[in-house]
Amino acid sequence: MGSYLGQHAEYYDIFYQDKPYAAEAAFVHECLQRFGQGETSRLLELACGSGRHALELEALGYQVVATDYSADLLAVAKRRAAERGSSVDFRLADMRELDLADAPFDAAYCLFDSIGYVQTNEAIQQVLSGVRRHLRPSGLFVFEFWHAAAMLRGYEPRRERSWQANGLTLNRVSNTVLDMSRQLAEVSYEIEAIAADGTRTELQETQVNRYFLVQEMAGHLAAAGLDAVDWRVAYEWQQPIDADTWHVLAIARRGED
């Protein structure tokens, strides 16, 4: 895995400035309230990025340990947390190799399709088994993944977008190639940053993410000892999952030993 390295991490919050983090955190909170068993107060986040979901969930009353494998993104998250006087505990960790001494947690979550960064069946099992080890009995795991049906029908081979923020103009071109036999999307980013004085810098990065079908993911959960509780269009309660659903939210529970 490798994503949002160096300067790319500093641009992360500009690229996703319109993402409704508070609403998504509120949806996770509602999932925990609807499906949780027993008190739920300590949360573990996988792939926390720049920390915005963690901070929103802390504001809802949770104690959060938030992990990511990108030291550069964690630096952004820690800086934001310090500015807000937050007590979120940000830690460097690879979700495939979870080993936190202060487990178990009441619930865990992994949003923004980040579970797709682990690309093989073996790696998915490493992640899910690690989550199970870090949950108390009956603890929930809420996570989001790219839906294969929509990806295969509607992916865009090339996208161009621009943003302006903090005196910068950012132009990003993304080129996507699908490896259908392995269910992977390889996205190559070309980013141009133009400063107010006209100075231009460029960077490139390639990310590879996996997409899944619902029943495929159900099989992975069962193999890891997690029980599927519910499946939703991400952050929607009423809309049914169909071929146009890009993001699926899964709710799973650790059973009793």
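Thr176 is buried, because its relative accessible area is 14%; buried means under 20% relative accessible area, exposed over 50%, and partly exposed in between (1.4 Å probe, protein chains only). The model is predicted: local features need pLDDT of at least 70, side-chain atom pairs count only at pLDDT 80 or more, and totals for chains, interfaces and linings use all residues. Residues are numbered from 1 along each chain as its sequence is written, and side-chain values use heavy atoms, with hydrogens and water left out.

Thr176 belongs to strand E7 (residues 168-179). Helices (H or I, at least four residues) and strands (E, at least two) are DSSP runs, numbered from the N terminus. Leaving aside residues up to four places away in sequence, Thr176 touches Tyr155, Glu156, Pro157, Ala185, Glu186 and Val187, where contact means heavy atoms within 4.5 Å.

Glu256 is exposed, because its relative accessible area is 60%. Glu256 sits in the segment that follows strand E11 (247-254). With residues up to four places away in sequence not counted, Glu256 touches Arg132, Pro137 and Ser138.

| Residue | Location | Relative accessible area |
|---|---|---|
| Thr176 | strand E7 (residues 168-179) | 14% |
| Glu256 | segment after strand E11 (247-254) | 60% |

Helix H5 (residues 121-134) has 14 residues and reaches 20 Å from its first C-alpha to its last, close to the 20 Å expected at 1.5 Å a residue; the expected span is 1.5 Å times one less than the number of residues. Its buried residues are Ala123, Ile124, Gln125, Val127, Leu128, Gly130, Val131 and His134. These buried residues of H5 pack against several elements, including strand E1 (42-45), strand E4 (105-110), strand E5 (135-146) and helix H7 (214-223).

For the chain as a whole, the secondary structure comes to seven helices and 11 strands. The radius of gyration of the chain is 18 Å, which agrees with the value near 18 Å for a compact globule of 257 residues; this radius is taken over C-alpha atoms, and the globule rule is 2.2 Å times the number of residues to the power 0.38. The C-alpha trace spans about 60 × 45 × 35 Å along its principal axes. Of the 257 residues, 53% count as buried. Among contacts with a separation of 6 or more, 69% involve residues 24 or more positions apart.
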